[in-house]
Amino acid sequence: MSVLHGRGYAAVNYPTGMNLGGDPSQALIHATTTGTFVIALSSTDLGQGLKTVIPQIAAETLGLPVEYILLDTADTDTGPHCMGTFASRATHRVGNAVIMAAREARQAMLEVAALELGAEPEELATDGSGFVFVEDDPERRIFIVDLALAAHFKHGRTLSGRGIFLKEHHDPVPETGEMDPDSCQAHACTVADVEVDDETGEVTVLKLFNVYELGRVINPALVRQQIEGGAYMGMAHALYETTEPYYPKRDHLPSNFGEYVLPGPAEAPEMESVVIERPSSTGPYGAKGIGEMTANSPIAAIGNAIYDACGVRLTTRPFTPERVLRGLDALKS
Amino acid sequence: MTELIDHDYFAGDGDDLHVVGTSVTRADALGHVTGRTQFFEDLLLADCLHLKMHRSERHHALLKRVDVSGALEVPGVVRVLTHEDVPENWYTVLRLIGVEPNDQPVLPEDRVLWRGEPIVAVVAETEASALEGAARVEVEYEDLPAVLTMEEALTEDAPIIKPHGANCFIYEGHPCRRIRFGNVEHAFAQADHVFEWRYESEPIEHAPVETTGCIVVPQPNGRLKIHSNTQAAFFTLDNTALIIGGPFNRLQLVGGTVGGGFGGKVDVIVEPIACLAALATNRPVEYVYSRLEEMQVSSTRSAEIFVVKDGVMADGRIVARKVTCYMEAGAYTGHTTYGVTKCAAHMPGPYSIPNVWVDAYCVYTNRTPTGPMRGFGVTNADFALETQMDRIARALEMDPLELRLKNAYRDGDLKAHRKVAEGAALVEVIQRAAELTGHELAEEYERMSSLTHAGVGV
């Protein structure tokens, strides 16, 4: 009876956007008299961080601090259409729509600033500080709050913009499957270190090495959250999760988290994560989708590590202790 | 914690960005950790009614008699709803993107197709009386032969459980979504090795902390305000309007804060019937799944089967890959037809293989309808493909990362679905993973790049 160690590998790609396209999202943006730009959407944040990265993208395009951006989302009376949050599409689609809206709003902002500063809009610049200034003479500048007040009460101008992003729908060719399914592809490689107890069949994931390429990273902390949270979910898929442990039998459906077994904090493995950036030509600032893919490569990496540890090749997921033990028995006989 | 981003790969622009690329604090973090985030169920309304379902106890059966009189006698029960109360009872959620036919009833008419299928909605003053009312509904069944596995469903003499005449979705005249690229049979004949293995995956629950639900509130102007945790506000609004019978602008959907979705909250199951209950009673109605319902009757990730056959040369080049996959829809199409096409588009994984054949089936069984889940069509496929790669490496006694690098797709490669690859980076994530784990690669693999076809491979 012993604890056996193994290492396994898996490498994957993942598409961004609703398969085959045809999934628009819109954004509207306007400044109030507070000099704050409000983004109106009908998009949903599932916890992945949309309410954070969309203001970041708008702030970047407007050239303003993120503190001067507010997000108002997910009311179909006040927010323009969005197809929804799925298919790793939200950052890509909504991000592109917000850039388009923010560009229009920025142009309006520069035009009013030009009137206030006695310059041409093309001569103006921003540096993320909240000031619009003459590029060759930075002392001539106006703060966004003063600029918004002037736009509203002096010039009768709105600081606003409209944005939409649509990847047009393409039907696959029925005979060959020729199609244009995605906007870009993200990539990952997972290396899993596991130990297998050959007496109990229990598998412990000791460490996961996660390497990702996601285009441009909008927010490194949120990307780490997605990578490590997703890796943990992938580990759960690999070792624990099934609604029907004797599938296809229908008589063991779970009714609570006592019966639907998930790993707890004690099972969370050590992780080391690295991201490399190859900005996408289609994404907002080059971002690709990372919403879904992070649970994928850990599954095979863990299964391959189990084989490396004990010689049992598991071809049915999840890799339960029972399946490991049956595999070990088969090796002995 | 080590620096997340390694700028040594694909070094380029980005230095003039101010906000993009910085770790701005999550907008919802403080609300979540202090318990102040408002979820839909935090809306407390004094006159809110509760909806619970009486559900099928059979896998496949005719409904001979449905008697709701017992439910109506329960104190607190205000109303029951059957299929007769649903104006446009037959639907399929992806009709919004052109999928046909409408194969799913909101509430069944003459038969049930899965154990757990809702039959009668009971609306009551309290959750307890709604549950009691639902328990008092009496249903007389006449069992029909049930099909409980995908393999059984596709056998020739299997009972056909769907009115369109097949136990699989029909893709433009084909029983499966197809990819045909090159000539796999010719390549198998030329290959040094042919490996064929099978992989299976069981259903997975989305397991959100917050269960699926909504509260529908009739407005003074006659409109309905839907407070929902849907992942897709307008998708849910449009599907709901079609079921309850327009006009679309009678509905307002408010949401955007979701306690875990993972794909399970794109199903549009709770909102339409809750809207009808609110219209029938002119009172707010809450329909939220219990944990048991979330686990037993909400959709799951499909069970899937993959048979992967590869033709491989002695040096590790994969010259042909034939994939037959089966994705279980359960009793109704739902989103599975989409997931199957996405799965086919994903094949043969991140590799450049000159001959690819895919038959991807969307299979109906008398089981809980499945739904989209994180990595729809891809997660289980990657389990199969990447286990297959490990087995090939073992069989050829090759380094597992070098086998992948040898076959990795790069910029300019024509994919099996005939799109030219761009923005590839599989080579680099593998190289970086090797570096991270002290895994030595032969120099020819160290030198590879996604940007060029120089070096290993073709």
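Which residue in S10(B) does Thr316(A) stand opposite? Thr316(A) faces Glu200(B). Strand S12 (residues 316-317) of chain A and strand S10 (residues 193-201) of chain B pair in the parallel sense over two bridges; pairing requires at least two bridges found by DSSP. Strands (E, at least two residues) and helices (H or I, at least four) are DSSP runs numbered from the N terminus.

This is a predicted model, in which local features need pLDDT of at least 70 and side-chain atom pairs count only at pLDDT 80 or more, while totals for chains, interfaces and linings use all residues. Residues are numbered from 1 along each chain as its sequence is written, and chains are lettered from A and ligands numbered from 1 in the order in which they are written.

Between the chains, 95 residues of chain B are in contact with 101 residues of chain A (contact: C-beta atoms, placed from the backbone, within 7 Å). Helix H12 (residues 426-437) of chain B gives the largest share of the chain B side, eight residues.

Chain B is assigned three stretches as domains, with bounds from an automatic or database domain assignment.

| Domain of chain B | Residues |
|---|---|
| domain 1 | 49-143 |
| domain 2 | 177-204 + 300-398 |
| domain 3 | 213-296 |

The centres of domain 2 and domain 3 of chain B, taken over C-alpha atoms, are separated by 36 Å. Their contact takes seven residues from domain 2 and five residues from domain 3.

Within chain A, Met109(A), Val112(A), Ala113(A) and Glu116(A) in H2(A) meet Leu147(A), Ala150(A) and Ala151(A) in H3(A).

Methods. Two residues are in contact if their C-beta atoms, placed from the backbone, lie within 7 Å.
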